[in-house]
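User: I have a structure open here and would like to go through it with you. Could we start with a strand pairing and work outward?
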Amino acid sequence: QVQPVESGGGLVQAGGALRLSCAASRVISSRNVMGWYRQAPGKQRELVAAISRGGSINYADSVKGRFTISRDNAKNTVYLQMNSLRPEDTAVYYCNSAPPILEWGQGTQVTVSS
């Protein structure tokens with residue numbers, strides 16, 4: 001089964017920005033809805049943003065106005081632009097379909113220092 005590959009995480013100060021990328025050969029263009037999820041230590045994995053093939057987008061309330069999800073079906077890539085980062089955004093970020101039916105990738109660590 002295809003496993004998404006996430007990249008772009010890192011360590012940033014509060015107020016900073018990061019752009020995450022997710023590649024999954026042939027899968028992303030074939031899935032109607034793709035999403036970015038995150039899991040903070042000791043917490044359940046949560047969906048933070050989702051985008052349909054037609055461009056319909058939904059965000060978790062905690063990231064509205066700060067995060068932007070986009071996708072390039074031709075490149076089989078999904079992006080998450082994260083601005084105005086906060087310490088509470090610290091987590092491992094994953095992409096998957098929404099609902100998640102693909103095998104989970106390794107994720108990419110995002111750490112926001114105060």
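User: Which residue in β10 does Gln13 stand opposite?
Analyst: Gln13 stands opposite Ser113 in β10. Please keep in mind that this is a predicted model.

User: How many bridges join β2 to β10, and do they run parallel or antiparallel?
Analyst: Four bridges join β2 to β10, and the two strands run parallel.

User: In what order do the strands of that open sheet come?
Analyst: Six strands form the open sheet, in the order β2-β10-β9-β4-β5-β6, with mixed pairing. The edge strands are β2 (10–13) and β6 (57–59), each of which pairs on one side only. On average, neighbouring strands of this sheet are turned by 20° against each other, with direction ignored.

User: Back to β10 for a moment. What is Thr111 in contact with, beyond its neighbours within four places in sequence?
Analyst: Thr111, which is found in strand β10, is in contact with Gly10, Leu11, Val12 and Thr90. The C-alpha atoms of Thr111 and Val12 are separated by 6.4 Å, although the two residues are 99 residues apart along the chain. The side chain of Thr111 also makes a polar contact of 3.3 Å with that of Gln109.

User: And how exposed is Thr111?
Analyst: Its relative accessible area is 28%, so Thr111 is partly exposed.

User: Changing topic: which strands pair with β8?
Analyst: β3 and β8 pair in the antiparallel sense over six bridges. Six bridges also join β7 to β8, and these strands too run antiparallel.

User: What about the hairpin of β7 and β8?
Analyst: That hairpin has four residues between the strands, and Asn76 takes a positive phi near 50°.

User: Is β8 mostly covered or mostly open?
Analyst: β8 is mostly covered, with five of its six residues buried.

User: Which residues have the most contacts inside the largest nonpolar core?
Analyst: They are Trp36, Leu80, Met82 and Tyr93, in a core of 27 residues. Several elements each supply at least two residues of this core, among them β3 (18–23), α1 (27–30), β7 (67–72) and β8 (77–82). Setting aside residues up to four places away in sequence, Met82 touches Gly16, Ala17, Leu18, Leu20, Arg66, Phe67, Tyr93 and Val110.

User: Arg66 is on that list. Which residue does its side chain meet in a salt bridge?
Analyst: The partner is Asp89, at 2.7 Å from N to O. This pair links distant parts of the chain, with Asp89 in the loop between β8 and β9 and Arg66 in the loop between β6 and β7, 23 residues apart.

User: Why do Asp89 and Arg66 count as buried?
Analyst: Buried means under 20% relative accessible area. Asp89 counts as buried because its relative accessibility is 0%, and Arg66 is buried because its relative accessible area is 7%.

User: How many salt bridges does the count come to?
Analyst: The count comes to four salt bridges. Glu46 and Arg38 meet in one of them, at 2.8 Å from N to O. Here Arg38 counts as buried at 6% relative accessibility, whereas Glu46 is partly exposed, with a relative accessible area of 33%. Lys64 and Asp61 form another, with the closest N and O atoms 3.1 Å apart; Asp61 is exposed, with a relative accessible area of 64%.

User: Which residues are linked in a network of salt bridges?
Analyst: Arg38, Glu46, Arg66 and Asp89 are linked in such a network.

Technical notes:
Residues are numbered from 1 along each chain as its sequence is written. This is a predicted model: local features need pLDDT of at least 70, side-chain atom pairs count only at pLDDT 80 or more; totals for chains, interfaces and linings use all residues. Side-chain values use heavy atoms; hydrogens and water are left out. A nonpolar core is a set of buried Ala, Val, Leu, Ile, Met, Phe, Trp, Tyr and Cys residues joined through side-chain atoms within 4.5 Å. Buried means under 20% relative accessible area, exposed over 50%, partly exposed in between (1.4 Å probe, protein chains only). Contact means heavy atoms within 4.5 Å. A polar contact is a pair of N or O atoms within 3.5 Å; within protein, one must be able to donate a hydrogen and the other to accept it, and residues adjacent in sequence count only if both atoms are side-chain atoms. Two strands pair if DSSP finds at least two bridges between them. Axes are lines fitted to C-alpha atoms, for helices over the stretch in contact, and angles run from 0 to 180 degrees between N-to-C directions.
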